[in-house]
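User: Could you go through this model with me? I have a few quick questions about it.

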There are 2 protein chains.
Amino acid sequence: MSANSVLLDFSLDPTRINDEVSRKDIVKLCKEHLEKFISGLKITYDMLTDDGYLCILNAPGAIITTIRFFNQGLITINIEYYRAESEAPKITFEQIKSLENNLRLKLEAKRSKHLPPIKRGSYIDVYLTSSDERVIEYDIDKVLYDKRSDFQKIQIVHSKSLGNMLVLDELQNIAEADLIYTETLMRRGVENYKDKEICILGGGDGALLYELLKEEPKHVVMLEIDDLVMEACNKYMNSICGDVLEKRKSDNYEIVVGDCMMYLNKFIKEGRKFDYVFGDLTDIPISDTPTGEIWDFIRVILESSFKVLKPDGKFMTHGNGVSCPESLQMYEDQLARLTPKVNFTKCSAFVPSFMEEWVFYQVQCASEAAASV
Amino acid sequence: MSANSVLLDFSLDPTRINDEVSRKDIVKLCKEHLEKFISGLKITYDMLTDDGYLCILNAPGAIITTIRFFNQGLITINIEYYRAESEAPKITFEQIKSLENNLRLKLEAKRSKHLPPIKRGSYIDVYLTSSDERVIEYDIDKVLYDKRSDFQKIQIVHSKSLGNMLVLDELQNIAEADLIYTETLMRRGVENYKDKEICILGGGDGALLYELLKEEPKHVVMLEIDDLVMEACNKYMNSICGDVLEKRKSDNYEIVVGDCMMYLNKFIKEGRKFDYVFGDLTDIPISDTPTGEIWDFIRVILESSFKVLKPDGKFMTHGNGVSCPESLQMYEDQLARLTPKVNFTKCSAFVPSFMEEWVFYQVQCASEAAASV
């Protein structure tokens, strides 16, 4: 079940829409064109607003249309109606297109626009948001897993083009089509993991662990707090994680369920050292902490990681979308504040399920980075 | 300038929203929470609808909110206001998120959703549509070129994550980040173009020609009808087309401005033959012809192409998004109807600017395809 909101808009010369006579003509015109698809339309209410005019049209079947005039030179039309799962749309996409085209010509609009109907209230949520708060409608057609853990809301959904996809707290994390994400994070072909000791912070989807093991490292320890994420991925994401989440442990890896900070501190005490530490935690902290604390957390993770890294060890992590330069800069500012001093390189890749170009960081102690040049 | 439409919805037990008393309580609750961000809210109108209830709230600054109850168990809230280019949003994204969270808890909603504000009426159009009519908001921040040719509306826009992007009649065609598109279309590394004779139908962005020339073919002729597309791409898309559109001709290629069907017929008469023909025309025909005619056109293109192909020649083309299996099937049905009989292979790649996995076809005469196995 969902309500459909059909949104159109038309930009006109402001002088054409802010007197009553032309407004009436335009409403009449809109109504005539709407009536080609919606029968029995009646204006049930209208009002002057601070910046224009609004009227409401009602039609049998509870198709409610609002037409709003903005004196600045814009008309918005919103058509909203309920559509049961099995029902055909009351207005087809072709009809929306043709409504826009016809009205643009009749209104002599400078520009016009229609959007695909916005689906509201359906169990399968197809709208996710990019790192810079853009709306993206995914071709999600099934919800395979839907549970709330102590830490977050966990969903595995199926996308026609991306395969199964892990969504944590409404944020797309990884999909079956995202091998490029893991390969860019680990810099496959650039870094040599053979016989290396590696620690993964987070990484509950298992993809990084699975790909790293193909490179024959000496040992990988993965610290993941959320057992349910691993349960879900083990069930529905085997094409990206193989059986590593099922087995949990072998001669050359071990998955530890727990708070990575606690284990990092344990490793520091024990003097345990790694060649690589991967920061593969979720981007956005689970609780709704203020910005300052997020960055404190990120800095503490970085500082602790360097305490368990060998002198020439590397911290590898994902950053943010290239469309968020401010956020990337903030991360780089944190790196600049670390002691001892670090250097970093970065690279990027277009990650299918993110629908954007993502930046990845490789961080190393400054003295070692200089020595290795 | 643009109007912002902020859309939220909440799914509730139907019994909780279809009597007047609980409805009044819910409206009061919504109003209280809206008032945290919007001052001076007043209910100016309400009505019973065929499937529920609608009320309109008005606030100074012409912030107009409609709250609609659907008896099926859904409440939609639409907040719409005008936002000048230089103005901060009247309701921030953080406020929208918190409004959703708070109301979900208070309403004891089974699910809830907010979308990033829909921007309407702005000169820079950030919303494009996928092959299966999904809305995708791009990080477009500049319009570099905007002209209407005899054939189509041509825009070059700048996307923060995709670079410059060619948009024809509101359809994303190719972006600077789309090398994978061209490489998959030509099957780089699989097909051998050295010393081959090639014909490109369409291809006005120049990317295919540019990449093919790197493979040292004997000669490429490109048949593009729209000179303005080439002008635009030559100006703003040099990273994908080099200088091939500027030069138009060299010892091993020639760009012909004209209708590819006319030239194909000319080649057929002359008995001119190619090793490869590329169908790199726009997906959707320029005129608003009915579906039947589109497929007739596609079939004629295929038939004519095989008349200018050497017996072992290949027709290479792009199909559609994997999320449109019906459309792909229709194309394959056309292939099955061709005489002489053809075989085809297909492959797919995620094309960044399309934001979807795209299917590409390689078609060959059945006898030759069999012989080459």
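User: Where is the place of Pro340(B)?

Analyst: Bearing in mind that this is a predicted model, Pro340(B) is placed in the loop between helix H10 (325-336) and strand E20 (342-351) of chain B.

User: And what is the peptide bond from Thr339(B) to Pro340(B), cis or trans?

Analyst: The bond that joins Thr339(B) to Pro340(B) is cis, with omega near -5 degrees. In chain A, the peptide bond from Thr339(A) to Pro340(A) is likewise cis, with omega near -5 degrees, and Pro340(A) sits in the loop between helix H10 (325-336) and strand E20 (342-351) of chain A.

User: What about phi at Arg187(A), positive or negative?

Analyst: Arg187(A), although not a glycine, has a positive phi of about 50 degrees, and this residue belongs to the loop between helix H3 (179-185) and strand E14 (197-202) of chain A. As background, most residues other than glycine have a negative phi, and most peptide bonds are trans.

User: Switching to the two chains, what rotation superposes chain A on chain B?

Analyst: A rotation of 180 degrees, with 0.0 Å of shift along its axis, superposes chain A on chain B with an RMSD of 0.0 Å. The two copies are therefore related as by a two-fold rotation axis.

User: Which residue of chain A comes closest to the rotation axis?

Analyst: That is Ile136(A), whose C-alpha comes to 2.2 Å from the axis. The copies also use the same surface, since 100% of the contact residues of chain A recur in chain B.

User: How many residues are in contact, and what area is buried between chain A and chain B?

Analyst: In chain A, 62 residues are in contact with 62 residues of chain B, and the area buried between the two chains is about 5500 Å², with carbon and sulfur atoms giving 62% of that area.

User: Polar contacts across it, how many residue pairs?

Analyst: There are 26 residue pairs in polar contact across the interface, counting pairs with both residues at pLDDT 80 or more. On the side of chain A that touches chain B, the largest share, 7 residues, comes from strand E5 (residues 74-83) of chain A, and the residues of that side divide into 31 nonpolar, 14 polar and 17 charged.

User: Last topic: how many aromatic pairs does the structure hold?

Analyst: The structure holds 28 aromatic pairs over all chains. One of them is formed by Tyr53(A) and Phe69(A), an edge-to-face pair at 5.6 Å centre to centre with 75 degrees between the planes. Tyr53(A) lies in strand E3 (residues 52-59) and Phe69(A) in strand E4 (residues 63-70) of chain A, so this pair ties together parts that are 16 residues apart in sequence.

Definitions and conventions: Residues numbered from 1 in each chain as written. Chains lettered and ligands numbered in written order. Predicted model: local features only at pLDDT ≥ 70, side-chain atom pairs only at ≥ 80, totals over all residues. Heavy atoms only, no water. Least-squares fit on C-alpha atoms with pLDDT ≥ 70 in both. Contact = heavy atoms within 4.5 Å. Buried area = accessible area lost by both parts, 1.4 Å probe. Polar contact = N/O pair within 3.5 Å; in protein donor to acceptor, adjacent residues only side chain to side chain. Helix = DSSP H or I, 4+ residues; strand = E, 2+ residues; numbered from the N terminus. Nonpolar A, V, L, I, M, F, W, Y, C, P; charged D, E, K, R; others polar. Phe/Tyr/Trp six-rings, centres within 6.5 Å; stacked < 30°, edge-to-face > 60°.
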